[in-house]
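Thank you all for coming. I would like to walk you through one structure this morning, going from the overall sheet down to a single side chain.

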Amino acid sequence: MIDMIVSGVRTVSRLLKQPLISQQLAPRRMASTLRDPKFFLGGGHCIDKSEFFQRITQSSAKVIYIGENHEDDTAHALELEILENLRGSSRQTALSLEFYDRESQTVLNEYLLDQVTLETFLSDSKPPANYMDYQPLIDFCKKEGWEVVAANCPRRYTRMVGKFGRDYLQQLDGSPAISLLPPLPYEGASEAYRNNFITIMQKMGNTNPNIPTTMLDAQSLWDATMAHSIAQGLARNERVVHVTGYFHIQHKLGTVEHVERYAPNSEILTVVILPAEDLDSLNSEQINIGDLVVLTDIESL
């Protein structure tokens, strides 16, 4: 049973971002026939691509959050374009990634400094299954001399929380493990975040009130660790670009709320990239999900 819960903890962000089953089974279009993404302000006003990038590059935000569906190739391409557009800025910028945990930071740094090969980096860093989607971002930072932050906590700690609850981590306070975690005790989920999480879990068919709560505690550990990593990155850089699953930042909840605790009053910009069937306008669930919203062709998943 615990293995099933742990599996849910590890993949819940991805599950929350997948299209409906019927949409997943729809045949994919060839890349050449995919519709171009559409760009919007959070309130729903459509803008062109040049204005989208202009709003990002001209933003004074210290943290730029990019929320994605992990399977969306268009989102990955846009993320690289965002980094490329920020390259000309005089502000020292770092990239923060949900997909690598803090134990990977040393070998990640070694790779950025050309001290180890790509093969060694991949073998030692516990990369995600779709690591090649993010390798261009890392390699861009390597070329530009930007810091890359391995933002998450090792999964064994979410397993602890999933099995024993959030307070179980208190026994680690003062141990070497503390460097892999946010300050303890970490804050639990806000009411709004909790309501969103449980609503989505119920839509997925999980009506047990206890399992979603346990998973939510583990999800909040990810949010808190990423937020603390972002705050640490801000101490060394003028701006941090954080790439993550969009559930973690939508409506400025989750990770965004935790960053406000660790780096109060930091100006932020949220960019949410969503696969959708209708690209022409934002629906009621998409309005204000981010400061900037991009709709991509759902057939690319």
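In what order do the strands of the open sheet come? Please keep in mind that this is a predicted model. The sheet is an open one of eight strands, and its order reads 2-1-8-7-3-6-4-5, with mixed pairing. At the edges we find strand 2, residues 46-47, and strand 5, residues 147-152, each of which pairs on one side only.

Let me turn to one pair of strands in this sheet. Strand 3, residues 63-68, and strand 6, residues 239-245, run parallel and are joined by six bridges, and within this pair Glu68 stands opposite Gly245. Packed on the sheet is helix 4, residues 73-86, which touches strands 1, 3, 4, 6, 7 and 8, and whose direction makes about 165° with that of strand 3.

A further helix, helix 5, which spans residues 105-112, lies across strand 4 and strand 5, and runs at about 160° to strand 5.

Is Arg102 buried or exposed? Arg102 is buried, and yet it has no salt bridge, since the nearest side chain of opposite charge, that of Asp101, is 8.4 Å away, whereas a salt bridge requires the charged atoms to be within 4 Å. What the side chain of Arg102 does make is a polar contact with the side chain of Ser229, at 3.0 Å. Beyond its neighbours within four places in sequence, Arg102 is in contact with a number of residues, among them Ala150, Ala151 and Asn152, as well as Leu180, Pro182, Thr225 and His228.

Terms used
Residues are numbered from 1 along each chain as its sequence is written. This is a predicted model: local features need pLDDT of at least 70, side-chain atom pairs count only at pLDDT 80 or more; totals for chains, interfaces and linings use all residues. Side-chain values use heavy atoms; hydrogens and water are left out. Two strands pair if DSSP finds at least two bridges between them. Helices (H or I, at least four residues) and strands (E, at least two) are DSSP runs, numbered from the N terminus. Contact means heavy atoms within 4.5 Å. Axes are lines fitted to C-alpha atoms, for helices over the stretch in contact, and angles run from 0 to 180 degrees between N-to-C directions. Buried means under 20% relative accessible area, exposed over 50%, partly exposed in between (1.4 Å probe, protein chains only). Lys and Arg count as positive and Asp and Glu as negative; His and the chain ends are not counted. A polar contact is a pair of N or O atoms within 3.5 Å; within protein, one must be able to donate a hydrogen and the other to accept it, and residues adjacent in sequence count only if both atoms are side-chain atoms.
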